Amino acid sequence: MKRILAYLIDMMLVTILSSCLSTLPMINMNYNEYENKVEKYEDKIEPYIDFIEDFKEEYEDKKIDKKEYEKFQEEYIEIIDLAKYYEDEEITKKEYDEIYDIVYSKYNEVYQDSNYELMKINYIPSIITIICTLLYFAVFGYFCNGQTLGKKMLQIQVVSKDNKKANILKLLLRTTVLTGIITNSLNLILLFVINKGAYLLANEYITMVSGIIEMTILFMVLYRKDKRGLHDMIAGTKVIDLNANYSHSKVIEAEIIEEKEEKEKEKLDKEQEKLRERFK
């Protein structure tokens, strides 16, 4: 599917550009602090991952012997004390599941806390991504007559639903729905206006809504007869295949030429008016 491939190409380009800009200290002033925090949180999370992997591996034979138990107590006592589970020198399947759930719950809590703190430090890349996405898909797309680089490669074009050139407002609206800018912006705002617990809960719902929107768009593009997605319906646009719609392409080109001619005529009229005023 040309549209999906073009979108993947475009998103890859936006991601690369955003990532490069996000590593520049002059733009992302928190980058070095973020890198240091990442290392710190990785060291904090790693023992939980190691325990879960080791515990699962050692329990493959459905038992934990004394040597294995002593190893866990020595290496992972700060994560969980297995003494009460090993009083009878045996860990049953029920006890194994309980231990696993406890450790995974602790790991998830540490991960969420770490991720929350990292997002509060490293919010600038999210802003950069939003700006780059809008500039690329909407502004660049407008000046390239409804085509991004991905669309140019695959010879497709965004136009208004009446086959005219899509204006920049339509492209901006289309982009905010298609690329998740609305949900991402909401997520970013909530990060700083509500507490951690409320944010983590809200983030789950936002992620779920974002997924539903993406699936709805994909389903509509694949199965609707006119191939218009939710973003096209809201913005009043559609995507045409230039190879299959040569006449539509010519209409757009004619409109662009006419628009340029009108601007040149207005400029000429203004210059003539200035000359008349000067010689009065």
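In this predicted model, aspartate 97 and lysine 93 both belong to helix H4 (residues 93-121), where they sit four residues apart, about one turn of the helix. The two side chains form a salt bridge in which the closest N and O atoms are 2.9 Å apart.

**Salt bridges between helices**
- Arginine 174 and aspartate 232 meet through their side chains in a salt bridge, with an N to O distance of 2.8 Å.
- Because arginine 174 lies in helix H7 (residues 168-178) and aspartate 232 in helix H10 (residues 230-235), this pair ties together parts that are 58 residues apart in sequence.
- Both arginine 174 and aspartate 232 are buried, and salt bridges that share partners join Arg3, Arg174 and Asp232 into one network.
- Glutamate 58 and lysine 71 form a salt bridge through their side chains, at 3.6 Å from N to O.
- Since glutamate 58 is placed in helix H2 (residues 31-58) and lysine 71 in helix H3 (residues 66-76), the pair ties together parts that are 13 residues apart in sequence.
- Lysine 71 counts as partly exposed, its relative accessibility being 27%.

**Cysteines**
- The count of disulfides comes to zero, and for cysteine 132 the nearest cysteine sulfur, that of cysteine 20, is 9.9 Å away, whereas a disulfide requires the two sulfur atoms to be within 2.5 Å.
- Cysteine 132 is buried, with a relative accessible area of 10%.
- The sulfur of cysteine 144 has its closest cysteine sulfur in cysteine 132, at 16 Å, which is too far for a bond.
- Cysteine 144 is also buried, its relative accessible area being 17%.

**Nonpolar surface patch**
- Met1, Met215, Leu218, Phe219, Leu222 and Tyr223 make up a nonpolar patch on the surface, and together they have about 650 Å² of accessible area.
- One of these residues, phenylalanine 219, is found in helix H9 (residues 196-223).
- Phenylalanine 219 counts as exposed because its relative accessibility is 53%, the cut-off for exposed being over 50%.

Key:
Residues numbered from 1 in each chain as written. Predicted model: local features only at pLDDT ≥ 70, side-chain atom pairs only at ≥ 80, totals over all residues. Heavy atoms only, no water. Patch = residues over 30% accessible without salt bridge, like charges linked within 9 Å, V, L, I, M, F, W, Y side chains within 5 Å. Areas by Shrake-Rupley, 256 points an atom, 1.4 Å probe, with all protein chains shown as cover. Salt bridge = Lys/Arg side-chain N within 4 Å of Asp/Glu carboxyl O. Helix = DSSP H or I, 4+ residues; strand = E, 2+ residues; numbered from the N terminus. Buried < 20%, exposed > 50% of the residue type's maximum accessible area, 1.4 Å probe, protein only.
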